[in-house]
Structure formats: structure tokens, C-alpha cells
Amino acid sequence: TIPEEHLYRCIECDSVTNNCIPISTSQEGAGVLNSDYVLYVTAVDSGCGSNLAFAGPCTLEFGLNRPVVGYVNFCPAAFTESTTDELLITLTKHEMIHALGFLSNLYAFYREEDGTPRTPRLDSFGSVPMINGVPVADENTVRTVNYSWLTVNGLVEKEAMLIVTPRVVKEVRDHFGCQELEGAELEGEGGASAVGSHWDLRVFTNEVRKYRICSNIVPKRC
């Protein structure tokens with residue numbers, strides 16, 4: 001539970017006029033002073049499913065859409081006496097990266113270094129394009145490509161999602177020593193919690209932001 005003193009006073013907004021008024025029965029907390037980012041860490045089994053942990057941002061800063069509050073929840077039932085410290089440290093790094101904004105539903109809020117939105121905003125409230133309630137990033141950030149692979153069974157067509165921001169393109173080209181790469185491939189399998197929110201396991205193997213967590217994974221430059 002988030003401490004009451006960390007919270008703004010509750011407000012009630014009209015969905016038509018967007019006018020908001022404070023709720024008289026709620027109190028405004030002092031907040032967390034002199035902090036750029038607040039991370040709440042819990043350890044409960046609720047909502048875990050088969051996961052070891054899960055994480056994400058709670059709040060984005062209005063002006064630049066930067067995550068300013070996030071959470072990580074570890075799932076106690078998933079751990080045993082044989083769980084190593086190395087695995088826990090690796091898992092913590094992985095989940096903190098999600099809490100800092102590496103999630104498919106946040107790519108539409110990514111910005112240039114000068115603060116310019118990479119995905120055009122639709123109105124003065126900073127709304128982004130949506131499909132079925134999910135934010136959709138511009139193709140200058142996430143691009144879908146089709147690959148043709150020649151295998152022993154013939155030609156195979158594969159559709160892939162890539163992060164194609166300039167920094168990611170530079171780093172992935174340098175990492176693999178291939179200046180023809182269009183971007184870094186995102187995971188396309190493993191269920192809703194995996195697809196698009198991790199680097200592709202087949203390509204990045206033991207990288208800390210891939211979907212399946214092992215104890216020997218490391219952060220790559222991109």
C-alpha cells in the first residue's frame with residue numbers, strides 16, 4: 001500500500017468537460033521531496049500467475065512523459081531455498097528496467113533528446129494514437145518488418161517488431177558488428193506479458209532484458 005503522505009488529494013473529473021474538483025473528504029500528502037523517481041517494492045503472490053516478478057511505471061510526468069513512480073513486485077511462491085542470489089540480482093535488474101519504462105505500451109511516449117515527442121500527439125492533453133485501447137508508437141520508434149529466411153524446409157516468412165530509435169540502431173549495429181541492421185528485434189512469442197516488452201530471446205540470448213530469466217545474463221549496450 002502506498003503511504004497516504006505520498007499521495008495527492010483525490011479529485012473527481014467530469015468525462016465530458018474534463019473539469020476536475022478535489023474530493024472534500026481526502027487529504028493531500030507532502031509527497032516525496034527531493035526525489036526524481038520513487039520505486040515501490042512489494043512481495044505478494046497476488047497477480048503473479050507463473051511469473052517470478054512483475055513491474056512497471058505507476059505515473060508519468062506530464063510534461064515529458066518520463067516515469068517518476070514505479071513498482072516491482074516479487075512473487076514469494078516462485079522462490080525456493082535453491083534460488084540463488086545471482087538470479088535474484090539479475091531478476092531485480094530486469095524488473096527495474098521495466099519500471100523505468102521498457103514496456104510496449106510506453107513506446108508511444110518516447111521522446112527525442114530535446115524533448116520532442118517521437119510519436120505525434122493528438123491534442124493538448126498529450127494523447128497518442130490508440131488501437132483497441134493500446135498506445136501505438138510511430139514507425140520512427142517501433143517498426144514492423146518482414147524477413148524471408150531460406151531454411152532446409154524452404155522459404156519461411158517471419159514478421160518482426162524492431163525498436164528503431166537512432167541510439168538503439170547505433171548500439172545494435174556496433175554490438176553485432178553489422179551496419180545493415182535496421183534496429184533491435186523485440187520478442188514476438190511468450191504471451192501478452194512478453195511480446196514487445198523484451199528483446200528477442202533468439203537474437204539476444206543472455207541479455208538482461210530478454211523474456212526468460214537465467215542467472216548468467218548481462219546488460220548489453222543497447
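How many positive and how many negative side chains does the protein have, and how far apart do the centres of the two sets lie? I looked this up at the start, bearing in mind that the model is predicted, and I noted 17 positive and 29 negative side chains, with 6 Å between the centres of the two sets.

I then turned to the overall layout. I find three helices and ten strands, and, reading from the N terminus, I wrote their order down as β-β-β-β-β-α-β-β-β-β-α-β-α. Along the principal axes, the C-alpha atoms fill a box of roughly 70 × 50 × 30 Å. Of the 222 residues, 31% count as buried, and the protein exposes about 14000 Å², of which carbon and sulfur atoms supply 55%. Among contacts with a separation of 6 or more, I noted that 45% come from residues 24 or more positions apart.

On the parallel side of my notes stands strand β3, residues 38-43, which pairs with β5 over six bridges; here A43 has F74 of β5 as its bridge partner.

Strand β4, residues 53-60, runs antiparallel to β5 and is joined to it by seven bridges, and within this pairing I looked up P57, which stands opposite G70 in β5. I also checked the connection: β4 and β5 form a hairpin with six residues between them, and N65 in the turn has a positive phi of about 60°.

Methods: Residues numbered from 1 in each chain as written. Predicted model: local features only at pLDDT ≥ 70, side-chain atom pairs only at ≥ 80, totals over all residues. Heavy atoms only, no water. Helix = DSSP H or I, 4+ residues; strand = E, 2+ residues; numbered from the N terminus. Buried < 20%, exposed > 50% of the residue type's maximum accessible area, 1.4 Å probe, protein only. Contact = heavy atoms within 4.5 Å. Areas by Shrake-Rupley, 256 points an atom, 1.4 Å probe, with all protein chains shown as cover. Lys, Arg positive; Asp, Glu negative; His and termini not counted. Charge placed at Lys NZ, Arg CZ, Asp CG, Glu CD. Pairing = 2+ DSSP bridges.
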